Structure formats: structure tokens, C-alpha cells
Amino acid sequence: LTNKHGKGKYWFKSGCPTPDPRWPAIQQLMIGPIPGDVEYSTLRAAFLSKGHTIHLFIQNNQAWLEKNQEKFGKKQVKFGYVVYTDSAVAERLLSAGHVLVGHARVAVKEMDGQPAQFVN
């Protein structure tokens, strides 16, 4: 996989989430939409409470958020992905379909190249 600059580094794209090649796809989940007011530390605590994570990435690019405001409305949202050490944790969360993060239900889905479904 290459990033948008054609270099050999992985580049997360919420519109086409593919697995990060550093870890097995079965251990990875796309997360989001995440309400813009949810803090990273709150997200991290919620996902860690489900199992040991190797990696948690949240797309927090202000330019991207502004560009996609028309698509998502004034309530800014973020997307990201989480990697668990145990694929059973990822499978369990995938079956549930979401993780409760503070006041929000954050959807989880496979990193299958299909965008997350956003319900306004």
C-alpha cells in the first residue's frame, strides 16, 4: 500500500478504509463516525476497556473536517481505526456493531474498503 504521495507508508482513508499492512486485517476495525467533541483520551479508555490495543488512530485533520462539513453537517465528526492484539476482541466488537464512548455510540466496522455509513 502507498499513501497519496506514492511513498511506501500506509495512509488511512475513511472513504476507503483498507487494513494497515503492519498488522493482520482480522485484528483491525474502522471506528466512526466519532462526534467531534469526544476527546482522544476518552476514546482510548473506551477501546482499551474492551481489550489490549496495539494501535489507535483518529483522523483529526481540520482541513478534512471543514471540507466534509457539507456531507456531515455542522456537527463535526472524525474517523479512525483500532488494532487489537487479540482478533477475538475485534470480532466481538464487530458483532456488537458499536462501542459506547462517553455519551456516544461509536460504530465499528471491518477495514474492507467500504466507507462507514453516516446517519445524521
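Okay, hi everyone. Before we start, keep in mind that this is a predicted model.

Let's begin with helix H4, which covers residues 87-96. At its start, Asp-86 has a side-chain oxygen that comes to within 2.9 Å of the backbone nitrogen of Ala-88. Further in, which residues of H4 are buried? They're Val-89, Ala-90 and Leu-93. Now look down the helix axis: the buried residues sit within an arc of 95°, so they line one face of H4. And what do those buried residues pack against? Four strands: S1 (28-35), S3 (77-84), S4 and S5.

Then comes strand S4, residues 98-101. In general, side chains in a regular strand alternate between the two faces of the sheet. In S4, Val-99 and Val-101 are on the covered face, while His-98 and Leu-100 are on the uncovered one.

So who's the partner strand? S4 pairs with S5, residues 104-109, in the antiparallel sense, and there are four bridges. Take Val-99 again: its bridge partner in S5 is Val-106. Together S4 and S5 make a hairpin with two residues between them. Gly-102 is in that turn, and its phi is positive too, about 60°.

One last stop, back in strand S1, where we find Pro-33. Is the peptide bond from Gly-32 to Pro-33 cis or trans? It's cis, with omega near 10°. And remember, S1 is one of the strands that the buried residues of H4 pack against.

That's my tour, thanks!

Terms used
Residues numbered from 1 in each chain as written. Predicted model: local features only at pLDDT ≥ 70, side-chain atom pairs only at ≥ 80, totals over all residues. Heavy atoms only, no water. Buried < 20%, exposed > 50% of the residue type's maximum accessible area, 1.4 Å probe, protein only. Pairing = 2+ DSSP bridges. Arc of directions from axis to C-beta. Contact = heavy atoms within 4.5 Å. Polar contact = N/O pair within 3.5 Å; in protein donor to acceptor, adjacent residues only side chain to side chain.
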